[in-house]
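Please keep the sequence and the model at hand while reading.

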Amino acid sequence: MRKYVKEIIVLILQLFMFYIFPMFGGPTDIMGVIVLIIVVTFILAIMIGALSKEKIKYLYPVVTAIVFIPTVYIYYNELAMIHAVWYLVISVIGMAIGVTIRRIAVGRWE
């Protein structure tokens, strides 16, 4: 459990962005909130890819997409379900960038 602290912190930040942050957006601000959450998801995926040495980090994109699905029914309507795919794609891209940054910084390809 101790070796997954970085991953757990990033996942808690992601949960905060999915479940708490939309409460502060009004009905007209919802698209801005979605764009902000996509940007934060991208940044968090880069962080987990660059900081984590554990193999479990590769599950982060799938977990991000799955964790978003209940928010569709809490804050949005069924049309927002497509955003789960966007979060998966953005997380994969961010993870790839983060892993590349880590490999360049460490100086070897693991």
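The model is a predicted one, and the description begins with helix H4, which covers residues 82–106. Just after H4, Gly107 takes a positive phi of about 90°.

The buried residues of H4 are His83, Ala84, Tyr87, Ile90, Ser91, Gly94, Met95, Gly98, Val99 and Arg102. These buried residues pack against three helices, namely H1 (5–20), H2 (30–51) and H3 (60–74).

Two packed helices are described by the angle between their axes and the distance between the axes. For H2 and H4 the angle is about 35°, and the axes lie 6 Å apart, while the crossing of the two helices is right-handed. Among the residues that make this contact are Ile34, Ile37, Ile38 and Thr41 on the side of H2, and His83, Tyr87, Ile90 and Arg102 on the side of H4. The residues of the contact of H2 with H4 divide into 16 nonpolar, six polar and one charged.

In soluble globular proteins, nonpolar side chains tend to be buried together. The largest nonpolar core of this model has 20 residues, of which Phe18, Ile37, Tyr60, Phe68, Tyr76 and Tyr87 touch the most other members. H1, H2, H3 and H4 each supply at least two residues of this core, and the largest share, seven residues, comes from H2. Tyr87, leaving aside its neighbours within four places in sequence, is in contact with Phe18, Ile34, Ile37, Ile38, Thr41, Thr64 and Phe68.

The loop between H2 and H3 holds Ser52, and Glu54 is found in that loop as well. The table sets out how accessible these two residues are.

| Residue | State | Relative accessible area |
|---|---|---|
| Ser52 | buried | 1% |
| Glu54 | partly exposed | 23% |

Ser52 counts as buried because its relative accessible area is 1%, and buried means under 20%. When neighbours within four places in sequence are left aside, Ser52 is in contact with Glu7, Met47, Lys57 and Arg102. Glu54, not counting residues up to four places away in sequence, touches Lys3, Tyr4 and Glu7. The C-alpha atoms of Glu54 and Lys3 are separated by 8.0 Å, although these residues are 51 residues apart along the chain.

How values were computed: Residues numbered from 1 in each chain as written. Predicted model: local features only at pLDDT ≥ 70, side-chain atom pairs only at ≥ 80, totals over all residues. Heavy atoms only, no water. Helix = DSSP H or I, 4+ residues; strand = E, 2+ residues; numbered from the N terminus. Expected span 1.5 Å × (residues − 1). Buried < 20%, exposed > 50% of the residue type's maximum accessible area, 1.4 Å probe, protein only. Contact = heavy atoms within 4.5 Å. Core = buried A, V, L, I, M, F, W, Y, C linked by side-chain atoms within 4.5 Å. Axes fitted to C-alpha atoms, helices over the stretch in contact; angles between N-to-C directions. Left-handed = near helix turned anticlockwise from the far one by under 90°. Nonpolar A, V, L, I, M, F, W, Y, C, P; charged D, E, K, R; others polar.
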